[in-house]
Amino acid sequence: MVCDHVSQAVLTLPVSSTPVYKEECTQCFDDHNMAAGIDVCLSCFNGGCPGTPNNHAHQHAMKSGHHLTVNIRRVRKESDERPTKLTKLEIVEEPENDQYEFETFVRCWGCLGARVDNVPEDVQRVVHAVLHAVEASKGSEIKAWAEEVTACSHFDGLTQVPVADFSSEALHQCSMCDKRDNLWMCLSCGHVGCGRKQYDGSGGNNHAIAHFEQTGHRVSVKLGTITPEGTADAYCYACDDNKLNPHLAQHLQVFGINVAAQQKTEKSIAELQLEHNLKFDFSMTTADGTQLQPVAGPGLTGLRNLGNSCYLASVMQCVFGIDRFRDRYFPSAADHFLTCSQLHPAKCMLCQLHKLANGLWSGRYAVLETEDGETRHQHGISPAHFKAMVARDHPEFASMRQQDAFEFLQHLNKQIDVAERPVEGGALNPTSVFDFTTEERLQCTKCSRVRYTTQKSSLLSLPVAKRPLAAVEGVPQEFEPVQLAECFDMMTADETVDGYMCPSCEQPTTAKKSTRFATFPKVLAVQVRRFEFVNWVPQKLEIPVQVPQGPIELGVYRGQGLQPGEEALPETDDQPPTDAQPEPVDESVVAQLESMGFPRVRCVKAVKKTGNTGAEPAMNWIFEHMDDADIDAPDSEPQGTAAVADPAAVEQLMAMGFPQARVERELLQSDGDANRALDRLLNLSDDVTMDNVAAATDPKDDSASCSQYELTGFVSHKGSSVHCGHYVATVRHGLGPDSAWFFFNDARVVAQPEPQSEQAYVYFFTRND
């Protein structure tokens, strides 16, 4: 007999856009490979673990009233066949049914988790749809590693005239040399040329691009990548980029090439990119060649790479190595899941932070694997649910492209800030450990009067001195090492401001400006800027920054405020005259900055602020001001266009814990834009002055008596740009003589007795108090 919960259930089939969490619990990292399997709610398709110690499936049923679930357990098929040795790297999805069997049954939590027999046909249809749905957090490996390729107009209306001596035999070799691989066929005339020569001498001989330069024929196709489905690597030399060719089959038919009969024989650009990324391998040995041994345990759980997600994994390992983050989200995970009002944990930022903290620090998932009696690295946990949540609605972090780790840290802090605001007024927010205040001193060199202003910050970007060593042929450029103290000296040094309109002199003068610390954070997160432009492309410079392993005293960089004998400059409105003409900007420089991934509003502002002096000063300005509250606000905001703030936006921001008066004020200052208002609310202190900086500082982070730090973590990077290559993390557990360093390379974790911090990109320093 069927229970009432089954007979009365009203279920809806999931559609292609419905997220179905069928492989991993949304509140912990138990998955469908474990003995208990995963229970998928047949009403809302949440995934929950049905076994001890958590039983999140039962918890979800009691909270939501959704009683019916389908339990899914994946079991690997036994096989005597050994895996075929790979001779060519291919990114293909092997059918799961060839490797695994799936055991399923319907369960009713309204009947204490009893198995349901004689499942009605309408319930069976929903179960069938769940089993064939794509896991919510899963993307194909091709999508994970491939570049996002778009079409261009140069493939439309293409004039095609095959060369007189064209034949299918000519497709197997470059027409200008003996190269027989990496061949590109011109889609205008059928000329076959080899690809570009690489810096190490590999690749082709540049004959395909030489043909473009001689003839102006702009588009080509890589012959070995053509598939029967009508896809292939296509390139537009006019755009100088990989492009999508929507007319590929028609274009190839002109040359007698039938797409349906083709077989892919060479690696695509996406596959080559994957192969290149996999070659980035940070040293897993000590200086004497000893192999570093895998480790596992609480706080030593690896994070699997989802495809260009190493930037996220490295930052999260460092962040959860900070006591305040661990203590906020790890011990209270079970309590939060019981009390959270969100029925869908995958859509709750706090749920996903608690889940990740539990996964990293419980030790439950950090188990070393063995093969043929030899200890191997752990499998690690997948941060897929967390990435989907933290990157939601962000065009870059939601993509599968590699990202800048420092920019992600900024984004992470903002997302946690928003999530924590409604919880006890933000009192539990762990990102407060990064908060500090800078003091800017401006002095007119003519009248010697000064002005002191302060600004709330949470992250620091430091310049690095570039001193090249003598070049050696065949060896990449090397640089003289730089001491960390020199970077702080450069940051706090006087900067000349030409054309300063002094309110005391009432005429243009020259001013000197410097920045120091007004307060110090508990944890100082620092980015070092090792960049320069090479042919208008930002390239990373391998400049060693020598960081002391012991105490680092930063008190010499503390600001002192207005000193005896100093006279303050008069306050001014600083508003431009109403008839002021818009300041011109060099659009070519703006375009170069936009091509690096910076938003246009930042690019325009940077070009203006640096006086149209070029891309490099503008890029440096962006890095120096990325933490400014108004970085994404236009220079000239419309004034008075909204007399009353939008009530819906006011209600939305007040729900995050901000007072109504501040919300309305910042909305009006932001011309009604809720996102810009939120940035101002998060980053601008409410009427902070030099007199109340100390009072506004969290007493737990009072730095008045301590400015000494120690290095406790860092993110390192290999690759020519922070937007490609590979990121890893090195994290210190504990302080003092009992501390230990560990190295996190995605899922691989090893003890690291000799941390290599000279080439780090982001450093984390913890204050000794």
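Tutor: The sulfur of Cys502 has its closest cysteine sulfur in Cys505, 3.6 Å away, which is too far for a bond. A disulfide here means a pair of cysteine sulfur atoms within 2.5 Å, and by this rule the count is zero. Cys502 has 1% relative accessibility and counts as buried; that word stands for under 20% relative accessible area, with exposed over 50% and partly exposed in between, using a 1.4 Å probe and protein chains only.

A word on the ground rules. This is a predicted model, where local features need pLDDT of at least 70 and side-chain atom pairs count only at pLDDT 80 or more, while totals for chains, interfaces and linings use all residues. Residues are numbered from 1 along each chain as its sequence is written, and side-chain values use heavy atoms, with hydrogens and water left out.

Now to the sheets. Helices (H or I, at least four residues) and strands (E, at least two) are DSSP runs numbered from the N terminus, and two strands pair if DSSP finds at least two bridges between them. Four strands make an open, antiparallel sheet in the order β14-β13-β18-β17. β14 (450–457) and β17 (495–502) each have a single partner strand, so one side of each is left without a neighbour in the sheet. Neighbouring strands are turned by 30 degrees against each other on average, direction ignored. Inside the sheet, β13 (residues 436–444) and β18 (residues 507–517) run antiparallel and are joined by seven bridges. In that pairing, Cys444 has Ala511 of β18 as its bridge partner.

A second open sheet has five strands, ordered β7-β6-β8-β9-β10, with antiparallel pairing. Its edges are β7 (192–194) and β10 (241–243), each pairing on one side only. From one strand to the next, the twist averages 35 degrees. β8 (residues 219–222) and β9 (residues 234–236) are held in antiparallel pairing by three bridges, and Val221 has Ala234 of β9 as its partner. Helix α6 (residues 207–215) packs on this sheet, touching β6 (183–186) and β7, and its direction makes about 125 degrees with that of β7. For such angles, axes are lines fitted to C-alpha atoms, for helices over the stretch in contact, and angles run from 0 to 180 degrees between N-to-C directions. Contact means heavy atoms within 4.5 Å. Within α6, His207, Ala208, Ile209, Ala210 and His211 are buried, and the helix's buried residues pack against β6 and β7. Just past the helix, Gly216 takes a positive phi of about 80 degrees.

Helices also pack on each other. Two packed helices are described by the angle between their axes and the distance between the axes. For α12 (residues 349–361) and α14 (residues 405–420), these values are about 115 degrees and 9 Å. Met349, Leu350 and Leu353 of α12 meet Leu412, Gln415, Ile416, Ala419 and Glu420 of α14. That contact has six nonpolar residues, one polar and one charged, where Ala, Val, Leu, Ile, Met, Phe, Trp, Tyr, Cys and Pro count as nonpolar, Asp, Glu, Lys and Arg as charged, and the others, Gly among them, as polar.

Leu412 turns up again in the largest nonpolar core, which has 95 residues; Leu412, Phe320 and Phe764 have the most contacts inside it. Such a core is a set of buried Ala, Val, Leu, Ile, Met, Phe, Trp, Tyr and Cys residues joined through side-chain atoms within 4.5 Å. Setting aside residues up to four places away in sequence, Phe320 touches Phe325, Arg326, Tyr329, Leu353, Leu356, Ala357, Leu360 and Trp361. Another core, of 30 residues, lies apart from the largest one and includes Met491, Phe517, Val528 and Tyr709.

Finally, stepping back, the protein chain has 22 helices and 28 strands. Of its 769 residues, 47% count as buried. Among contacts between residues at least 6 apart in sequence, 69% join residues at least 24 apart.
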